[in-house]
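Here is a short report for a first look at this structure. Keep the model open while you read.

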Amino acid sequence: MSDTDRDLDGALALSQAVRWPYRRDDWRVALDLGQGLLAEADGEIVASTFWWSYGDAFATCGIIIVSPAMQGRGLGRALMDTMLEATSDRTLLLNSTAEGHRLYKSFGFSDIGTVHQHQAQMPAARAPFPTGPVRRAQASDLPAIAKMDAHAFFGAERTRLIETFARIGTAAVIERNGVIDGFALCRPFGFGHAVGPVVAATAVDARLLIGHFIAEKAGQFLRVDITGDSGLGAWLTAQGLPEVGNVATMIRGQRPPIAGPGRIYALASQSFG
């Protein structure tokens with residue numbers, strides 16, 4: 001067994017200990033797209049923190065876990081210290097549970113919003129959504145998708161993330177007059193599939209894109225993490241995707257501007273942003 005395989009097995013056991021729905025493949029995607037630190041005790045992985053750098057000025061961080069048996073011993077603080085040193089002077093974005101909020105504030109993070117997690121096992125059959133301008137994305141659409149994502153995501157370039165999500169999952173776009181006005185990706189994650197990122201010019205378009213995958217994944221487990229100001233919460237609940245939790249979005253450093261015109265309605269994940 002390679003060191004990577006051993007780390008993935010240990011990380012999976014760690015997330016299971018805190019009842020996170022990560023699969024081994026979810027850990028592999030996180031590692032492939034970013035960097036991480038693991039703490040080990042008596043041959044077992046007992047803590048983790050990961051970060052994903054998008055250029056020299058910006059990064060997100062997440063999967064910050066300390067096993068229940070090791071909490072209260074300063075492991076989380078030690079890993080945060082090392083992660084902040086590794087990310088240098090980049091602006092950092094994370095989504096914090098209530099349990100971690102005090103720790104992150106002590107490291108200079110401040111609240112800038114919320115993320116609301118909606119998920120459920122979808123019914124096996126339902127009335128189809130109107131397709132309108134939504135179509136399945138093609139490989140030739142990926143550069144336009146990545147460009148639109150960068151404009152919406154603080155100017156940060158996430159081409160590798162977009163390409164990885166499209167490879168392991170599927171993508172949909174809204175096209176009008178030959179121009180892509182919005183997109184959504186859906187990939188295997190956790191108990192089933194996660195929809196995100198979703199970038200669109202309007203909430204109406206965001207609903208069309210998410211509705212495409214609600215129909216496509218009928219009978220399967222679906223998760224969508226929306227921004228607190230998306231205006232999609234009541235609509236998702238009405239589609240059978242109730243809110244099951246929320247986290248605080250926090251930032252350390254200068255908040256980058258958003259170029260638009262599209263905006264993020266649903267996150268790639270609470271870790272990736």
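By class, 18 nonpolar, 16 polar and six charged residues line the largest pocket. Here Ala, Val, Leu, Ile, Met, Phe, Trp, Tyr, Cys and Pro count as nonpolar, Asp, Glu, Lys and Arg as charged, and the others, Gly among them, as polar. The model is predicted: local features need pLDDT of at least 70, side-chain atom pairs count only at pLDDT 80 or more, and totals for chains, interfaces and linings use all residues. Residues are numbered from 1 along each chain as its sequence is written, and side-chain values use heavy atoms, with hydrogens and water left out.

**Pockets**

Rolling a probe the size of a water molecule over the atoms shows where empty space is left. A pocket is an open set of points on a 1 Å grid over the protein atoms alone, where a 1.4 Å probe fits and protein lies on both sides within 12 Å along at least five of seven lines; lining residues have an atom within 4 Å of a point. A volume is the space filled by probe spheres set on the points, which are joined across faces, edges and corners.

| Pocket | Volume | Top contributor to lining |
|---|---|---|
| Largest | About 1,100 Å³ | E3, six residues |

The largest pocket has 40 lining residues. Trp20, Ile64, Ile65, Thr97 and Glu99 lie nearest its centre. Several elements each supply at least two lining residues, among them strand E3 (58-66), helix H3 (75-86) and strand E5 (110-121). Helices (H or I, at least four residues) and strands (E, at least two) are DSSP runs, numbered from the N terminus.

The second largest pocket is lined by 19 residues. Phe154, Thr227, Asp229, Arg255 and Ile264 are the closest to its centre. E4, E5 and strand E12 (263-266) each give at least two residues to this lining. By class, the lining of the second largest pocket holds nine nonpolar, seven polar and three charged residues.

**Helix pairs**

How do H5 and H6 cross? The axes of helix H5 (residues 142-152) and helix H6 (residues 159-168) come within 9 Å and cross at roughly 130 degrees. That makes H5 oblique to H6. Axes are lines fitted to C-alpha atoms, for helices over the stretch in contact, and angles run from 0 to 180 degrees between N-to-C directions. Angles under 35 degrees count as roughly parallel, over 145 as roughly antiparallel, 65 to 115 as roughly perpendicular and the rest as oblique. The crossing of H5 and H6 is right-handed, with the near helix turned clockwise from the far one by less than a right angle. Leu142, Ile145, Ala146 and Asp149 in H5 meet Thr159, Ile162, Glu163 and Ala166 in H6; contact means heavy atoms within 4.5 Å.

Helix H2 (residues 24-33) also packs with H6, at an angle of about 150 degrees and with axes 11 Å apart. H2 is therefore roughly antiparallel to H6. This crossing of H2 and H6 is right-handed. Val29, Asp32 and Leu33 in H2 meet Arg160, Leu161, Thr164, Phe165 and Ile168 in H6. The contact residues of H2 and H6 are five nonpolar, one polar and two charged.

**Backbone exceptions**

Most residues other than glycine have a negative phi, and most peptide bonds are trans. Serine 88 has a positive phi of about 60 degrees. Serine 88 sits in the loop between H3 and E4. A cis peptide bond joins glycine 196 and proline 197, with omega about 0 degrees. Proline 197 is in strand E9 (residues 192-200).
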